[in-house]
Amino acid sequence: MRHDSRSRLYGQGQSPERLAGWPESSPEPMRFSFAPSAFNDDLAWSPSGAVASPLTRALAQLGDLVGMAPVKAVAREICAEAIVRQHRQNAKLCVNASARHMIFTGRPGTGKTTAARAFGKMLAHCGLLSKGHLVELERADLVGEYIGQTAQKTRAQVERATGGILFIDEAYALARGGERDFGREAIDTLVKHMEDRREDLLVILAGYPREMSYFLSLNPGLHSRFPIHIEFPDFSERELLQIGERMFLERDYQLTEEARRILRQRLRKEREDPHFGNARSVRNLVEESIRRQSMRIVEMQEPTRTDLMLLQGADLRQESGASSPPHMAWS
Ligand SMILES: Nc1ncnc2c1ncn2[C@@H]1O[C@H](COP(=O)(O)OP(=O)(O)OP(=O)(O)O)[C@@H](O)[C@H]1O
Ligand SMILES: [Mg+2]
């Protein structure tokens, strides 16, 4: 993908510095190493963890995501910017409005929507957005069917999203119909409004890498309007396993050693599938195993608490002959 000199790429190509206190994938509780002196009282990180401010909680939520070093690097930069802006305001120095619109590229299930939602919360707590909500849209939400309708629809969505994040999934669909399509009008309307409202609106265009690259090549003016570009790599086998284990833990389940071994084997195998849906596929696998365990437990007279929590190898094992039944398609 071509990069405008004004846009910064965060992703695989570049290795962002490891974030001190933000382990890339550690089940340990988060510890921040932001210099306390960089925070004003309101934003102070409490090392004891006794009183966590909303910003600290939002950052912890972001930091807690498995992998995603580029996302965490951007979050830290924006957070630092917000704090310094506050200092500058207090010192009666000039504070410029800066656009933070972003492009997210990555394959299915690599956490693009999850990251956008976490950004929204963080930016709201940093005081850079007034609400921090996420409005997730696709082509049909913006493009109308007759002249004038597209601008109207797009304006209404911008209105809804103001104060938060306007997230357009599969953004390249806006260029689907070529020059004479109303998608063009949606892009133009959006660009105008996002410039006007850049102080209280963050626009994120998301999509799969190849399609987004093509979309941006058709709209060369867009690159410079989206100064931050984050690549979401596929999760490694280790990260997938960690995501799976966390999902089980969050749902109050535990794995036997055998179950964990089978989980790892299945993830290793499924990861090779071109249709593998990263963290979403892990979620499907987790939910499928829970259904299997329920079928086993429902036969028991009086299941104990341990029975209810424990997942055995058989619950994780792929049914023979059923490589991808419809209910667990890796979408
Ligand atoms: N880093 C992560 N750690 C733990 N869980 C994650 C992580 N990233 C994503 N997930 C989980 O995986 C699922 C899919 O994530 P998400 O919807 O954000 O992916 P996506 O990139 O937006 O996918 P798509 O391109 O298909 O829209 C969600 O249930 C989310 O909670
Ligand atoms: Mg998504």
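User: Which residues are closest to ligand 1, and how many surround it?
Analyst: This is a predicted model. In it, 17 residues surround ligand 1, and the closest are G111, K112, T113, T114 and A279.

User: Which elements give two or more residues to that shell?
Analyst: Those are α3 (112-125) and α11 (278-297).

User: And which domains does the shell around ligand 1 draw at least three residues from?
Analyst: Domain 1 (8-232) and domain 2 (237-328) each supply at least three residues.

User: How do the residues of the shell divide: nonpolar, polar, charged?
Analyst: Six are nonpolar, seven polar and four charged in the shell around ligand 1.

User: Back to α11. At what angle do α9 and α11 cross?
Analyst: Roughly 45°, and the axes of α11 and helix α9 (residues 237-250) come within 9 Å. The two helices are therefore oblique to each other, and their crossing is right-handed.

User: Which residues meet there?
Analyst: From α9, L240, I243, G244, M247 and F248 meet A279, V282, R283, L285 and V286 of α11. By class, this contact has eight nonpolar residues, one polar and one charged. A279 is also among the residues closest to ligand 1.

User: New topic: α1 and α2. How far apart are their axes?
Analyst: The axes of helix α1 (residues 54-64) and helix α2 (residues 69-90) lie 10 Å apart, and the helices pack at an angle of about 160°.

User: What makes the contact?
Analyst: L59, L62 and G63 of α1, with K72, A75 and C79 of α2. Four of these contact residues are nonpolar, one is polar and one is charged.

Definitions and conventions: Residues numbered from 1 in each chain as written. Chains lettered and ligands numbered in written order. Predicted model: local features only at pLDDT ≥ 70, side-chain atom pairs only at ≥ 80, totals over all residues. Near = placed C-beta within 6 Å. Helix = DSSP H or I, 4+ residues; strand = E, 2+ residues; numbered from the N terminus. Nonpolar A, V, L, I, M, F, W, Y, C, P; charged D, E, K, R; others polar. Domains from an automatic or database assignment. Axes fitted to C-alpha atoms, helices over the stretch in contact; angles between N-to-C directions. Contact = placed C-beta atoms within 7 Å. Parallel < 35°, antiparallel > 145°, perpendicular 65-115°, else oblique. Left-handed = near helix turned anticlockwise from the far one by under 90°.
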